[in-house]
Amino acid sequence: MELAFLGAGSAFCLTPGNFQSNMLLSSASGRRLLIDCGSDIRFALAASGLGPRDIDDVYISHLHADHVGGLEYLGFTSRFASPPFRINLYTSETLLEEMWVHSLSGGMRQAAGDQCTLVDFFDPRPIPPASCFEWEGISLELVPTRHVVGERSAMISFGLFFEIGGTSILLTTDTIFAPEDLGAYFERADLVFHDCETSSDPTGVHAHYNELVHLPASLKAKTWLYHYNDGDKPDARADGFLGFVLPRQTFVF
Ligand SMILES: [Zn+2]
């Protein structure tokens, strides 16, 4: 099984060759699960020599466009391909209606003269809260993370915790710096892939390098950083991390 980062950049990344932080989990049988599908996805897939027909399943962590904005591309190209094909769409059941009503329907509800809904493009696989889904013999547990935190509400992203071949992996997806929330997962994980902003002008909705660098050395020693900004980055290896993930970097388990 392989986990490949199609891109490792932030939402608005412009570094040539890098793309939004979407990943591809590939099984030994050749099945592919796209983890998040941002508005860069057609370029990110092409840069890895892939296209929509190479994707069997998609998982969406939350509804920012760098994670969901490429579904219109996948939905239209799969439905109107010759022959057409369908992609399974995994996401928290708490996101599914909002995904269609607020993220996708404006561009997709009118297609080929029909009034369409989400099921005309994808096979939705809603995942109950505090639950997991099975994919190619592995169990992927949803890990709620606080991403955009307001006074009365918070936008949650659903990270993933899973084990492949004896290696436990935490993929935070987008999150503020919240070791108090993620501590139990940090303990259990052999490998952590953590959201890491590197901008000199922090947004407050991502963990920033200047916060992550103060994590315990034992945790940094098993942590890769991704979702970083354009421009210069600190020397993460010198600071005790495994490093910044590179675009198209692939981890084999
Ligand atoms: Zn986000």
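Contact, in this presentation, means heavy atoms within 4.5 Å. By that criterion, and not counting residues up to four places away in sequence, Val58 touches Leu33, Leu34, Cys37, Leu71, Leu74, Ile87, Asn88, Leu89 and Tyr90.

Some remarks on the basis of these values. The model is a predicted one: local features need pLDDT of at least 70, side-chain atom pairs count only at pLDDT 80 or more, and totals for chains, interfaces and linings use all residues. Residues are numbered from 1 along each chain as its sequence is written, and side-chain values use heavy atoms, with hydrogens and water left out.

I begin with the core. A nonpolar core is a set of buried Ala, Val, Leu, Ile, Met, Phe, Trp, Tyr and Cys residues joined through side-chain atoms within 4.5 Å. Buried means under 20% relative accessible area, exposed over 50%, and partly exposed in between, with a 1.4 Å probe and protein chains only. The largest such core has 78 residues, and Val58 is among those with the most contacts inside it, together with Leu25, Tyr59, Leu71, Phe133 and Phe193. Helix α4 (residues 93–108) gives the largest share of this core, 6 residues. Helices (H or I, at least four residues) and strands (E, at least two) are DSSP runs, numbered from the N terminus. As a general background, nonpolar side chains tend to be buried together in soluble globular proteins.

Which residues of α4 are buried? They are Leu95, Leu96, Met99, Trp100, Leu104, Ser105 and Met108.

Next, the strands. Two strands pair if DSSP finds at least two bridges between them. Strand β2 (residues 23–26) and strand β3 (residues 32–35) are antiparallel, with 4 bridges, and Leu25 has Leu33 in β3 as its bridge partner. These two strands form a hairpin with 5 residues between them, where Gly30 in the turn has a positive phi of about 100°. On to β4: β3 pairs with it in the parallel sense over 3 bridges, and Ile35 has Tyr59 in β4 as its bridge partner.

A further sheet is open and has 7 strands in the order β9-β10-β11-β12-β13-β14-β15, with mixed pairing. Its edge strands, β9 (132–135) and β15, each pair on one side only. Strand β13 (residues 191–195) runs parallel to β14, joined by 4 bridges, and 2 bridges join β14 to strand β15 (residues 243–244), also in parallel. Leu225 of β14 stands opposite His194, and its bridge partner in β15 is Phe244. Asp195 has Tyr226 in β14 as its bridge partner. Within strand β14 (residues 223–226), Thr223 and Leu225 point one way and Trp224 and Tyr226 the other, all of them buried.

I turn to the metal site. Which residues are the protein donors of the zinc ion? They are His62 (NE2), His64 (ND1), His147 (NE2) and Asp174 (OD), lying 2.1 to 2.2 Å from it. Donors are N, O and S atoms within 2.8 Å of the metal (3.2 Å for Na, K and Ca); water is not among the atoms, so sites may look incomplete. Along the chain the donors follow the spacing H-x1-H-x82-H-x26-D. His64 lies in the loop between β4 (57–60) and α2 (65–68) and His147 in strand β10 (residues 138–149), so the pair ties together parts that are 83 residues apart in sequence. His64 counts as partly exposed at 28% relative accessibility, whereas His147 is buried at 0%.

Why is the arrangement irregular? The 4 donor atoms subtend angles of 88 to 169° around the zinc ion, which makes it so. Four donors count as tetrahedral if all angles lie between 85 and 135 degrees; four count as square planar and six as octahedral if opposite donors are over 155 degrees apart and all others between 65 and 115; anything else is irregular.

Finally, the backbone. Most residues other than glycine have a negative phi, and most peptide bonds are trans. Asp36, in the loop between β3 and α1 (41–47), has a positive phi near 75° and is buried, with a relative accessible area of 1%. Ala130 has a positive phi of about 55°, but is exposed at 83% relative accessibility. The peptide bond from Ser82 to Pro83 is cis, with omega near 0°.
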